[in-house]
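This report describes selected features of one protein model, arranged by structural element. The sequence and the structure are shown first.

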Amino acid sequence: LQLYQLQMKQSDYKLSQQRANFLPTISINGYYGAQQYSDDFGLSFNSNDWSKISYVSLNLSIPIFTGFSTKNKGRSASIEYDIARITLEKEMLKSEIEDDLIIKEFNHSKNAANAANDNYQLTKENADLQFQKFEQGVVSLDNYLDSFDDYLKAEVTYLNLLSDLYNYYSKILSRNF
């Protein structure tokens, strides 16, 4: 967004510059020094050969014949400014929508991770109970291994959802909420 804001400022400055081209310019120049006048090409360092000269000039320039091109440049700068303004507004809206989406995805991911954690804890308890039953000879090794496999799947699901949650969290931190 900062890039688009800078582009808008730049186009605003360009528009101001083009508008200023319609105005007359006033300039003041001055000179205080010495010059040497002679009919030959020689240079003399004698102080009598040098004449003191000083002047001040005031210059007023009125743009008469450049009006058409200045007007077109002004229109072009105005259009560039409008484009930069509209682009900035669109990007700000897009950023706001993206911020809302990231927050919603973070909340959904948080709820899913909490549910997966609950499921993980239940499958862990179930696997522990199946192991106790296996030790006592109540269930077979296949039943215990099936429950342990379910426990491992629940653990992987929980860790994947937790990774997604931290991914959204890092996006939120990077966007400076």
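Helices here are DSSP runs (H or I, at least four residues), and strands are DSSP runs (E, at least two), both numbered from the N terminus.

## Basis of the model

The model is predicted: local features need pLDDT of at least 70, side-chain atom pairs count only at pLDDT 80 or more, and totals for chains, interfaces and linings use all residues. Residues are numbered from 1 along each chain as its sequence is written, and side-chain values use heavy atoms, with hydrogens and water left out.

## Helix H1

Helix H1 covers residues 2-20, 19 residues in total. From its first C-alpha to its last it reaches 27 Å, close to the expected 27 Å. Four of its residues, Met 8, Ser 11, Leu 15 and Gln 18, are buried (buried means under 20% relative accessible area, exposed over 50%, and partly exposed in between, with a 1.4 Å probe and protein chains only). Seen down the axis of H1, these buried residues fall within an arc of 85°, so they line one face of the helix; the arc is that of the directions from the helix axis to the C-beta atoms. An α-helix has 3.6 residues a turn, so residues three or four places apart point the same way. The face turned away from the buried side of H1 carries the exposed residues Gln 2, Leu 3, Leu 6, Gln 10, Tyr 13 and Gln 17.

Within H1, Ser 11 has a relative accessible area of 7%. A polar atom of the Ser 11 side chain lies 2.9 Å from the backbone oxygen of Met 8. Ala 20 also belongs to H1 and is partly exposed, at 38%. Its C-alpha atom is separated by 20 Å from that of Gln 7, 13 residues apart along the chain.

Helix H2 spans residues 67-136. Ser 78 is placed in H2 and counts as partly exposed at 26% relative accessibility. The C-alpha atoms of Ser 78 and Ser 16 are separated by 9.3 Å, although the residues are 62 apart along the chain. Phe 134, also in H2, is partly exposed with a relative accessible area of 31%. Phe 134 and Tyr 144 are 10 residues apart in sequence, and their C-alpha atoms are 6.6 Å apart.

Tyr 144 is one of the buried residues of H3, together with Ser 147, Tyr 151, Ala 154, Tyr 158, Leu 165, Tyr 168 and Ile 172. Just after H3, Asn 176 takes a positive phi of about 60°.

## The largest pocket

The largest pocket holds about 180 Å³ of space. Its lining consists of Leu 1, Gln 2, Glu 91, Lys 94, Ser 95, Glu 98 and Arg 175. Helix H2 supplies the largest share of this lining, four residues. By residue type, the lining divides into one nonpolar, two polar and four charged (Ala, Val, Leu, Ile, Met, Phe, Trp, Tyr, Cys and Pro count as nonpolar, Asp, Glu, Lys and Arg as charged, and the others, Gly among them, as polar).

A pocket is defined on a 1 Å grid over the protein atoms alone, as an open set of points where a 1.4 Å probe fits, with protein on both sides within 12 Å along at least five of seven lines; lining residues have an atom within 4 Å of a point. Grid points are joined across faces, edges and corners, and a volume is the space filled by probe spheres set on the points.

Definitions and conventions:
The expected span of a helix is 1.5 Å times one less than its number of residues. A polar contact is a pair of N or O atoms within 3.5 Å; within protein, one must be able to donate a hydrogen and the other to accept it, and residues adjacent in sequence count only if both atoms are side-chain atoms.
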